[in-house]
Amino acid sequence: MPARPTAPAVDGSIAILQLLVNAAYPLTQAEISVQTGIPAASCYRILGSLLQAQLVVMDPGRKKSYAIGAKIFQMASTIYGRQSIIPYFHPIAEILKNEVHKTVLLSIPVGNTAVVVAKLESALSHRFHSYIGQTLPLHRAAAGKAMLSLRSKDYLQAYLDGEFLLAPPELRKQLERAQRLGYAVTHGEIESGVSCLAAPVVNLSHEPIAAISICVASDELSEQASRSYSSALIQAARQLAARIG
């Protein structure tokens, strides 16, 4: 696989932001440097740039410590607000949730990834590691495979080339199966022992613009259960497509 070009300052900024997003409390520059492996001098300069851009802030609750800045929330809110499909998703997902008793997710394609943009929890479902903002490569996620299955061969080849992937026969079989059946299945996508099922949502040009998915404990996914879940998923995806069409 060819090495992708890198920019150390950008890579360092990303590493710092990812660290602060996941940190349980604000971190000092020394802690950030140690946990990211960024040299102290470089860490100081990067934090200065992030502070100026309001992507991080000094936290008053802990001396000389850093936390995620308001600009991150503003950008996320803007992106989230542009997803006009979300208001239509919730009433349909509510019906689906009550039918299958599983947490229902809505994902959209963002570049070469599938990103969860909405989630409706079921009190009767196991708690799996799925959350709004969760991002996976299209070829690894059930939602991504559901959407890829409706793309042209040229699009799929361009995607694989962009990911420096040689599509194994198994992946092509999965996509062909998803196209034929109207839904995709993955196993171990978000955690071991968990299967995900997803159906694509298409626009008037029959282009995939989103996917509705659910997660199920793999040992519960019998052939009969799979048929029942997939039928409800496909119906929900069609209803959503009709609402936004």
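Visitor: Where does Lys64 lie?
Guide: First, the ground rules: this model is predicted, so local features need pLDDT of at least 70, side-chain atom pairs count only at pLDDT 80 or more, and totals for chains, interfaces and linings use all residues. Residues are numbered from 1 along each chain as its sequence is written, and side-chain values use heavy atoms, with hydrogens and water left out. Helices (H or I, at least four residues) and strands (E, at least two) are DSSP runs, numbered from the N terminus. Lys64 sits in the loop between E2 and strand E3 (65–68).

Visitor: Is Lys64 buried or exposed?
Guide: Lys64 has a positive phi of about 55 degrees although it is not a glycine. For burial, we go by relative accessible area with a 1.4 Å probe and protein chains only: under 20% is buried, over 50% is exposed, and in between is partly exposed. Lys64 comes in at 62%, so it counts as exposed.

Visitor: What is the phi of Gln54 near?
Guide: Look in the loop between helix H3 (40–52) and strand E2 (56–59) for Gln54. Its relative accessibility is 42%, so Gln54 counts as partly exposed. Gln54 is another residue other than glycine with a positive phi, near 65 degrees.

Visitor: How many helices and strands are there in the chain?
Guide: Let's step back to the whole chain. Its C-alpha trace spans about 60 × 45 × 35 Å along the principal axes. Counting up the elements gives 9 helices and 9 strands.

Visitor: Which residues on the face of H1 turned away from its buried side are exposed?
Guide: In helix H1 (residues 8–22), the buried residues are Gly12, Ser13, Ile16, Leu17, Leu19 and Leu20. They share a side of H1 because they cover an arc of only 160 degrees around the axis, the arc being that of the directions from the helix axis to the C-beta atoms. The face turned away from that buried side carries the exposed Gln18, Val21 and Asn22.

Visitor: How many Å separate the C-alpha atoms of Asp11 and Ile38?
Guide: Asp11 has its place in helix H1. With a relative accessible area of 37%, Asp11 is partly exposed. Ile38 is 27 residues away along the chain, and the C-alpha atoms of Asp11 and Ile38 are separated by 9.9 Å.

Visitor: How far does helix H8 reach from its first C-alpha to its last?
Guide: H8 covers residues 169–181, which is 13 residues. The expected span of a helix is 1.5 Å times one less than its number of residues. For H8 the reach is close to that expectation, at 18 Å.

Visitor: Which helices and strand do the buried residues of H8 pack against?
Guide: Leu171, Leu175 and Ala178 are buried in H8. Seen down the axis, they fall within an arc of 60 degrees, so they line one face of the helix. Away from that side, the exposed residues are Pro169, Lys173 and Arg180. The buried residues pack against helix H6 (142–148), helix H7 (153–162) and strand E7 (184–187).

Visitor: Which residues does Arg140 touch, not counting those up to four places away in sequence?
Guide: Arg140 belongs to the loop between strand E6 (135–137) and H6, and it is partly exposed at 44% relative accessible area. A contact here means heavy atoms within 4.5 Å. Leaving out residues up to four places away in sequence, Arg140 touches Thr186 and Glu189.

Visitor: Which residue lies over the face of Tyr155?
Guide: A charge sits over a ring if NZ of Lys or CZ of Arg is within 6 Å of the ring centre and within 35 degrees of the ring normal. At 4.4 Å from the ring centre of Tyr155, the residue over its face is Arg151.
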